[in-house]
Amino acid sequence: MSPKKKILIGVYAFIFITLISITAYLSLPKKITLVVDNDVKEIKTGYIFTNEFIDKYMSEVEKDYIVETENNTLDLIALSNSITIKTKKDIKVIIGTEEREVSTYAVIVKELYTELELKNDGMNEYVLKEIDEDSLLNDGDTIKISHITKDTKEETKEEYLSIIYKNNNSLYVGDSKVVTNALPKKILEVYDITYENGKEINKVLVSSTIIQNGIAKVVEQGTKVYVPSTTTVSGDVTVWDNLAQCESSGNWHVNSGNGYYGGLQFSAATWRNAASAVGVKASYAHQASKAEQILAATWLQKNYGWGQWPECSRKLGL
């Protein structure tokens with residue numbers, strides 16, 4: 001045998017023995033770390049190829065999945081000490097008021113949050129609700145994320161100054177007139193407002209500026225007391241005497257318990273209004289003098305007419 005043939009036979013023999021040794025090594029049971037959705041197991045297997053092992057292990061799992069191995073190889077188990085399997089999950093995600101159906105291979109909430117690519121900036125923030133970011137995801141879970149938004153808003157507020165009252169001796173008591181109309185003070189207020197899912201949750205005043213000065217309303221009130229005429233009907237008898245005769249048989253201090261008082265039969269409410277207008281202090285008409293009752297009645301007639309005594313004024317032709 002020639003030396004060249006001997007060398008060639010030796011090379012073939014070496015390759016053959018090496019292949020047998022590698023095959024024998026790959027066939028030996030190997031210990032690997034298997035992680036399925038964060039569930040960690042230490043497993044011994046005699047499988048040579050990673051895909052054969054995974055197909056067998058996941059044969060009863062009715063879910064889609066992806067596989068990650070050490071060194072990114074899916075060929076030989078001997079080259080990987082760890083295999084990670086992530087199953088597909090259908091998740092309902094509620095972002096603010098929007099609902100999404102999401103399919104993901106994420107294992108924990110944080111990974112899903114990253115996949116959603118939600119952009120947090122100065123005006124928008126997305127915050128997980130009711131769950132921690134490290135919580136495990138399960139098929140069918142519902143994940144709630146609040147949408148926090150911020151806005152700046154201007155508001156104009158009006159404030160009216162207190163009314164200023166002044167006396168006017170040319171106006172009768174009870175009369176008044178407006179001499180200056182009110183102009184509200186206007187204030188421009190700027191707020192920073194925070195909303196959660198479209199609802200306002202916080203409002204902070206940033207600035208307040210007066211943009212229009214206010215003017216107070218000025219009202220002049222009469223101080224002149226109306227002095228009634230003592231027009232005589234016959235002799236010393238006046239219209240008021242005749243009206244009192246009709247209303248109360250001329251008794252200026254009557255209080256019969258019918259709810260009307262005095263010679264001209266004032267109700268309590270009407271008396272308070274008229275007496276106050278002319279400066280009479282008596283609480284009820286029957287407690288006032290005849291002159292005070294006529295003073296109050298004259299003011300009442302001047303402002304509201306003879307209709308305040310409908311039947312008697314008609315009888316008297318007033």
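Visitor: Why is E155 called partly exposed?
Guide: This is a predicted model, and its values are computed from it. The relative accessibility of E155 is 25%. Partly exposed covers what lies between buried, under 20%, and exposed, over 50%, so E155 counts as partly exposed.

Visitor: What makes K203 and E155 a salt bridge?
Guide: The closest N and O atoms of K203 and E155 are 2.8 Å apart. The cut-off is within 4 Å, from a side-chain nitrogen of Lys or Arg to a carboxyl oxygen of Asp or Glu, so the pair of K203 and E155 qualifies.

Visitor: Why is this pair, K203 and E155, said to tie parts together?
Guide: K203 lies in strand β12 (residues 199-212) and E155 lies in strand β8 (residues 142-159), so the bridge joins parts that are 48 residues apart in sequence. K203 has a relative accessible area of 35%, and is therefore partly exposed.

Visitor: How do you know that K129 and E196 form a salt bridge?
Guide: Their closest N and O atoms are 3.4 Å apart, and the limit is 4 Å. K129 belongs to strand β7 (residues 124-129) and E196 to strand β11 (residues 185-196), so this pair ties together parts 67 residues apart in sequence. With a relative accessible area of 34%, K129 is partly exposed.

Visitor: What makes K157 and E159 a salt bridge?
Guide: The N to O distance between their side chains is 3.6 Å, and the rule asks for within 4 Å. K157 has a relative accessible area of 34% and E159 has 31%, so each counts as partly exposed. K157 and E159 also belong to a network of salt bridges, linked with K185 and E189. By this rule the count comes to 10 salt bridges.

Visitor: Why are C246 and C312 called a disulfide?
Guide: Their sulfur atoms are 2.0 Å apart, and the cut-off is within 2.5 Å, so C246 and C312 form a disulfide. The count by this rule is one disulfide. C246 sits in helix α4 (residues 239-248) and C312 in helix α7 (residues 310-316), 66 residues apart, and the pair links distant parts of the chain. The angle about the S-S bond is -85°, and the link of C246 and C312 is left-handed.

Visitor: Which is C312, buried or exposed?
Guide: The relative accessible area of C312 is 5%. Buried means under 20%, so C312 is buried. C246, at 30% relative accessibility, counts as partly exposed.

Conventions:
Residues numbered from 1 in each chain as written. Predicted model: local features only at pLDDT ≥ 70, side-chain atom pairs only at ≥ 80, totals over all residues. Heavy atoms only, no water. Helix = DSSP H or I, 4+ residues; strand = E, 2+ residues; numbered from the N terminus. Buried < 20%, exposed > 50% of the residue type's maximum accessible area, 1.4 Å probe, protein only.
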